[in-house]
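The sequence and structure are shown first.

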Amino acid sequence: MKKKQFLALLLSACTVASGVYAKLLESKAAADFKEASSYGEASGDGTLQGESIYQIMVDRFYDGDPSNNATGLAFRNTEWNEDDFKYMHGGDWQGIIDKIDYIKGMGYTAIWISPVADQQLWGMPVDGFQWPTAYHGYNVYDPNRASRYFGCEDAAASEAKLKELADVCHANGIKIILDVVPNHVGDYLQGVGNDAHYISDNGNLNPGTQTRPVSPFDNRDWYHNKGDIYDYENHDIIEDHDMGGLDDIDFDNPDAKQAIFDSIKHFVDLTNADGVRVDAAKCMKPSDIHDLQEYLGVTSFGENFDMNPSFVSQWVGDNGEDGMLDFPLFQAIVNDFGNCGNFNNTSELSIQKVFDQDSLYGDNVNNMVTFIDNHDRDRFISAINGDVDDATRIKRMQNALTFIYTCRGIPTVFQGTEQEIGNKWGITANGGISDTCNRWNMVEKDMAGNVVADHFNTGTATYNLITSLNLIRKNHPALQYGTQREMWTSEHLYAFSRRLDDTEGDDIEVICAFNNSGSDQSANMSIRAESSIKAGDVLVNVFDENDTLTVSKNNKINIIVPAYSNKIYILKGPGPVVEKAQVSFKIKNAETSWGQNVYLVGNCAELGNWDPAVAVGPATCPNYPDWDITVELPKNTRVEFKAIKKDEAGNVIWEDGDNKVIDVGEDDMNFEFSF
């Protein structure tokens, strides 16, 4: 199939109708294009670069085998109050197998699943009170045994079920990423220093309960025994103290280090895992995590819950691991896309400020794992502040999703995001750190276990958007591996290009522009010097084949982006070069009120086609009340225009009188008039 046919097929599949994203994978044209494309495979360097990841919290996904459910007080069907979220709900590996078509239908190339080792089911104290369970898997009971609650009561059968899940994923072209917990086990040791001991050492009135981890991990000398972390600004304390009471393994003890490494490698080898996510990486030395990655022989990315790129980058590279969860970019996305912040506010955590520090990650920048929320953070929809209607919240979320699918890094989406649901009951956590109401079940049940609501709807706009984004990313390798370069930054408009620098051909660059505000934004931006796009080339929006741009003789494009939206342009082909002249306007005696600026609007695309929302400006004001603005206008063309005054709310005051007229000739020119 020829390249022009590829383009036609993709454009046909990517058209947006009535604001709802097309179901690309159900499109015959898209299927043909996907089959014909030679791109979309892993980079071949052993990393996850080029993949897109679906994060699954196993216990909250789907109960495929009720026979392995916990019993008694440890298990709850309902989500009627916040406390219900602290107990096991029955999701398991069989449930993922049962729903593999749902995942595959969105086009994901990898899944990241909860820790697979047998988790701590808290013991029963004398008073009969049942503490919350480790349904999430991060409190480990037996590092060497596959979870009985995700698999089977029989240890061998449980391993077989885990391997079956991995085999099903691989058979469907989906990589599997294991969440691993090398830093700690569950909370068993009491006391500190020489007083550290297990409850069972003092006698236990409930024999058979999990009062200590399984041997050989019940060795007190394998742990730091220094009590909880009390200063999260001091990395030495973070590294050798307990996180939330969880017994912190001492990696200076070679036996302890080897034992936990061996337990993880067993499951990596069993499943032929394609990578691991390292829990609590911030609580470990980068060198120890590097040793783990080398020992496992697969790529890894870690969790470093910190918003400072300089700090996070210490765990990335030759002395750390291949990538990290990009918490700094995550927070900037919440700030700028969720809450309409300033894209180029370099004094706070903004999109521009984070990207300006990408050099800290060196060649690993495309291994950074990007996300808009996860199991530890408020759902993106709930992280939006203020009285914002549901439709607007979803638009902002979809804009943020498109952003992580097009910017550098590996996009990762938490289960249920595609269902357009926020935290349960709208509850948000202090500071956004959440571990209850954001972890709702994909299937809601009543107390008797009857299904109340099923959240595996494949018809939501966001399910279809993710499907579209996965296909677009697959078929444009620049979005997987390309170098990212900033093209435009302003308060509410940010644009960048992704380009395969060492590749020849036409389909090696994508231009992406994002508007995070409630009004249209425009910019006349220059094509990057590094670009292969040239004057006269025509760019087309992958979501709308009728939306095209022609690169001017001066290598500029005029992009107009609607509210809470984006434009993703690829090269369509060469077109006629529209020669333009540079016209410098001086608008005299334009007195403004506080918050007002001066703009130009007129009868051509370069002046917004009379739409004040996308008028050119704001003008500069070196000598108030005189204003200056320069625009490139088509040569040998009569242009009608007016000046307007506009404030941040979009209120417009038009210049009085008839339209002004300028005849643009062959040369650059100046034009003065009074408001």
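How does the lining of the second largest cavity divide by class into nonpolar, polar and charged residues?

## Second largest cavity

The lining of the second largest cavity has four nonpolar, five polar and one charged residues. Here Ala, Val, Leu, Ile, Met, Phe, Trp, Tyr, Cys and Pro count as nonpolar, Asp, Glu, Lys and Arg as charged, and the others, Gly among them, as polar. Among the lining residues are Thr-47, Asp-322, Asn-367 and Ile-410. Strand β9 (residues 299-302) supplies the largest share, three residues. The space in this second largest cavity is about 50 Å³.

## Basis of the model

The model is predicted: local features need pLDDT of at least 70 and side-chain atom pairs pLDDT 80 or more, while totals for chains, interfaces and linings use all residues. Residues are numbered from 1 along each chain as its sequence is written, and side-chain values use heavy atoms, without hydrogens and water.

## Largest cavity

Four cavities of 30 Å³ or more are found in the whole structure; a cavity is a set of points on a 1 Å grid over the protein atoms alone where a 1.4 Å probe fits but cannot get out, and its lining residues have an atom within 4 Å of a point. The largest cavity holds about 160 Å³ of space.

Its lining comprises 14 residues, with Ala-117, Asp-179, Val-180, Val-181 and Ile-264 nearest the centre. Two or more residues each come from β4 (140-146), β5 (175-180) and α7 (254-271), and α7 gives the most, five. By class, the lining has 12 nonpolar, one polar and one charged.

## Cysteines

The count of disulfides (pairs of cysteine sulfur atoms within 2.5 Å) is zero.

Note on methods: 1 Å grid on protein atoms, 1.4 Å probe; cavity = no way out; pocket = protein on both sides within 12 Å on 5 of 7 lines; lining within 4 Å. Points joined across faces, edges and corners; volume = space filled by probe spheres on them. Helix = DSSP H or I, 4+ residues; strand = E, 2+ residues; numbered from the N terminus.
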